[in-house]
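Subject: Structure handover

Hello,

Here is the structure you asked about.

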Amino acid sequence: MESQMLRFTLDKLEKSGYLKTCKKRVDKEFELGAVLRYFDNEVPIVFKNIKNYDIDLVGGVYGNRKIFNDLMDVNEENRIYKFMDAIANPKSYKEVKSGPIAQNVITKNIDINKLFPIPTSHEKDSSNFITAGMLIIKDPETDDTHMAVRRFQINDKDNISALVSGASPHLNKIIKKAELNNEKLECAIVLGYDAEFLIASQISSSKYGLDKYEVYSSLKNEPLEVIKCSSVDILVPAFCEIVIEGYLNPNKKIKEGPFGELMGYYGEVSNHPTIDVKTIMHRDNPIFQHAFPSREEHLSNGLIREVEIYSALKNIVDVIDVNVTIGGGCRLHGVVKINKKNEGDGKSSILTALGSSKDLKHVVIVDDDVDIYNYKDVEFAIASRVQASEDVIIIPNALGSPLEASHVNKGLSDKMGIDATKPLDNELFNRAIIPGYENINIDDYF
């Protein structure tokens, strides 16, 4: 359906006034990334004039929380419930015989760098990287598929590396079996997808055991239309922009990295499996999708983490909302809003939230009168409702995120929770308000 994937998204962004167009000639090496970073990766930009290429590139599409919500037709009040409903009630997708993605099929003389403007982002990056690629791999024994955003280092004209981290147990299980059997794995890399496809990809396969195409169909409220790849037995979205088909070699690994990673540091260098590219399909006048490291896929990952933290808390306290913050890399910092009913609710929330994810490092618990998306309001609560000796909990030497530099340096992470809730039934902590005018439309006055 034309309502699926990237082109529909760009039309929606343009009509909403969110989309910027860069017509100045830019170099894919460093310069393009500098433009995206100037806007903190929160402004969708189409680059129309890339040095040595005649196709468009789009970046920054899914890095802004408000824009992401608008694209999915949700708001902060209902988004968690929509995501939970899609997980609980997946819907069928639809296989079709043809689609725009099959307009061009390349099987000979493949040179991925000549075909697409794949950027280099940081000074010490080992190569240029595909950063928004959605890796799809099928388990040859069970036909179960793994789908997640990965980064792909360009090694040669028809060979790339796939980052396979320890945080992907389902994918590692598939690769380990193939490694033991000395088998290659069919795979596809999808570029040019929409927000629902990105959200669906972030749901844990090992935790929920779901078909992510079915989750997408539920989120979109229409069947995802998929088409079989040209050279491998994998289904891909019929309306995406680019599909790279090939075989992942579990026993053929090469050095991957360094690469400018989460929080702006370079990640660890290690060996990862390679992919032999056999076929490339793309639409007429394809749009290359890029995500400047490391924001867009992490924002969507953070949105799913909010669902999981909310789910863990809802049986413990009266939880209202959760914000896994962009400043904390969409995984290291969380702010939780609760309707406090008992004096121990704040401390219970800290323990539950930190226990729900090894990646969560610091969490702040606030009352229902605090805007958890406004850092000034959160800081207000910390400043006026916290006494460190009573309200700060520190848990030393716990498991942490492998993407966080201080954890990698030490091998363990100290966790901290701040109970920034006010005491019950104490008027001293009531905020001063302007009756009848707490929320006004300022445009009415000017």
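A pocket here is an open set of points on a 1 Å grid over the protein atoms alone, where a 1.4 Å probe fits, with protein on both sides within 12 Å along at least five of seven lines; lining residues have an atom within 4 Å of a point. This is a predicted model, in which local features need pLDDT of at least 70 and side-chain atom pairs count only at pLDDT 80 or more, while totals for chains, interfaces and linings use all residues. Residues are numbered from 1 along each chain as its sequence is written, and side-chain values use heavy atoms, without hydrogens or water.

The second largest pocket is lined by 23 residues, with Arg65, Asn323, Ile372, Tyr373 and Asn374 nearest its centre. Its volume is about 450 Å³, taken as the space filled by probe spheres set on the points. The lining divides into nine nonpolar, seven polar and seven charged residues (nonpolar: Ala, Val, Leu, Ile, Met, Phe, Trp, Tyr, Cys and Pro; charged: Asp, Glu, Lys and Arg; polar: the others, Gly among them).

Helices α4 (residues 79-88) and α10 (residues 296-313) have axes, fitted to C-alpha atoms over the stretch in contact, that come within 10 Å and cross at roughly 90°. That makes α4 roughly perpendicular to α10 (65 to 115 degrees).

Regards

Note on methods:
Axes are lines fitted to C-alpha atoms, for helices over the stretch in contact, and angles run from 0 to 180 degrees between N-to-C directions. Helices (H or I, at least four residues) and strands (E, at least two) are DSSP runs, numbered from the N terminus. Angles under 35 degrees count as roughly parallel, over 145 as roughly antiparallel, 65 to 115 as roughly perpendicular and the rest as oblique.
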